[in-house]
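Here are a few friendly notes to go with the model below.

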Amino acid sequence: MKRKKILIFSAMVFAVLAVRAQSVAKELKNDASRSAGTYYSLPVLKAEIDTPAPEGKKPFYINHYACPSSYYLDKEDFYEVPLEIFMKADSLGKLTKLGKDVLRRLIVVHDDAHNRTGELTKKGAAQSRATMKLLAERFPDAFTAKGYYSARSVVQNRSILTMIEASAQLSRMYSPLMVRTRASHGEQAFMNPQDKDLTDDRTDSLTMKRYDRFAALNTNEIRLMKALFNDQNYVAINIDPYRLSQHLFRLAGSIQHTDLMGITLYDIFTPEEIHRHWRKNNAWNYINYGAFKLNGGRQPYLQRGVLRNMIHMGDSMLKRYNPIAHIRYTNERVVLSLACLMELNDYGLETDNLDSLEYFGWADYKIAPLGGSIVMVHYRKDRNDSDVLVKVLLNGREARLPVKTDYAPYYRWDDVKRYYLRKLYRYENERFNETNKNKKR
């Protein structure tokens with residue numbers, strides 16, 4: 001009987017995982033732009049309907065960490081390299097009819113981005129304003145003319161411009177509200193922390209061997225090269241199909257951030273090819289920012305300073321009279337690994353099986369798309385209320401935390417704080433012991 005129950009449970013788990021995998025594949029097929037992963041532009045839709053807070057509880061403090069909004073790719077090579085390859089092939093008569101049309105599109109995309117690499121696009125500016133408007137309207141108790149609002153950004157063009165647009169939106173909505181803005185290298189510790197030991201562990205030889213094998217199994221550029229070039233001997237001698245396909249796929253994902261009408265590159269890929277490209281990029285993001293077991297499973301701890309700051313600021317706000325919002329703009333990599341560290345929606349997934357990611361629902365475009373954010377909202381009845389509750393929004397949606405609660409999606413602040421501080425303490429303790437062992441050798 002016990003064995004039968006185990007088999008039934010296993011079958012149920014497998015069925016759930018299969019549905020998740022099919023969901024990802026279906027989402028990519030319905031909207032190819034999601035395959036851009038962390039470069040996917042999060043649509044600004046109507047605000048989600050919030051689960052009512054326990055009676056009498058109102059938001060009084062918001063701690064907000066966001067990705068930049070839509071921006072141009074940050075390297076000229078991303079635009080120039082594929083264009084040069086196609087121009088050279090065209091000069092030698094090596095392009096098919098489709099290849100010539102792709103060259104035309106590449107020229108349009110290149111010219112639109114000229115001298116704008118890494119810069120917020122017009123769509124990105126509108127996205128930033130609209131996202132902040134939705135947040136403020138969603139929590140009117142936390143955004144008032146009496147409140148204190150601090151907006152800070154990492155020193156990066158697109159993040160700074162996202163912050164400026166959002167701050168301007170708040171000022172327009174709540175005049176004479178003032179938003180204090182700052183972008184400083186001095187705040188890297190809780191905006192974009194660095195840790196050489198952790199980053200050195202990301203791509204060790206064993207990890208790269210596993211990823212290269214996974215990438216090889218998800219790569220076949222023969223059809224695409226035949227569709228674009230009329231001489232495959234020329235391709236074999238002059239072109240790296242894998243690299244060119246990656247360039248074209250990256251550009252395909254970038255067009256969604258612009259005002260270019262009627263231009264796409266997704267049509268040159270089959271749905272299966274789009275899925276395979278996304279799988280490779282998603283696995284790479286998991287290796288670098290998720291809890292991939294093969295390289296130690298510790299990469300999310302790069303954001304431990306960010307999480308400690310969130311806890312510290314949450315405690316510091318408990319007795320404040322007026323509402324407060326700390327609005328932070330960092331990069332999408334920080335938000336991605338922070339969501340993994342916080343284990344939001346089970347994104348703290350630990351596995352060494354890259355094939356299993358979509359089965360477990362670990363999809364980068366769901367975690368940290370451009371315009372996405374992690375927002376922790378604190379609730380209380382009044383400043384003397386010691387039973388403070390929090391809920392976390394991931395990209396505007398109520399998220400699950402790895403903490404027991406009777407009020408989901410609301411969690412007792414003391415429970416949340418205790419869980420994360422213990423988690424961080426365990427990591428620091430393990431790292432300290434490992435360092436000591438290495439010194440004794």
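1. The lining of the largest cavity has two nonpolar, five polar and four charged residues. Here Ala, Val, Leu, Ile, Met, Phe, Trp, Tyr, Cys and Pro count as nonpolar, Asp, Glu, Lys and Arg as charged, and the others, Gly among them, as polar. Helix α11 (residues 271–289) contributes most, with four residues; helices are DSSP runs of H or I, at least four residues, numbered from the N terminus. Among the lining residues are Asn218, Phe269 and Lys280.

2. A word on provenance: this is a predicted model, where local features need pLDDT of at least 70, side-chain atom pairs count only at pLDDT 80 or more, and totals for chains, interfaces and linings use all residues. Residues are numbered from 1 along each chain as its sequence is written, and side-chain values use heavy atoms, without hydrogens and water.

3. You will find 13 aromatic pairs (Phe, Tyr or Trp rings, the six-membered one for Trp, with centres within 6.5 Å; planes under 30 degrees apart are stacked, over 60 edge-to-face, the rest tilted). The rings of phenylalanine 86 and phenylalanine 229 are tilted, because their planes stand at 40 degrees, with centres 5.4 Å apart. Phenylalanine 86 lies in helix α2 and phenylalanine 229 in the loop between α8 and α9, so this pair ties together parts 143 residues apart in sequence. Both phenylalanine 86 and phenylalanine 229 are buried (under 20% relative accessible area with a 1.4 Å probe, protein chains only).

4. Please also look at Tyr40, Trp278 and Tyr365, which form one aromatic cluster.

Note on methods: 1 Å grid on protein atoms, 1.4 Å probe; cavity = no way out; pocket = protein on both sides within 12 Å on 5 of 7 lines; lining within 4 Å. Helix = DSSP H or I, 4+ residues; strand = E, 2+ residues; numbered from the N terminus. Buried < 20%, exposed > 50% of the residue type's maximum accessible area, 1.4 Å probe, protein only.
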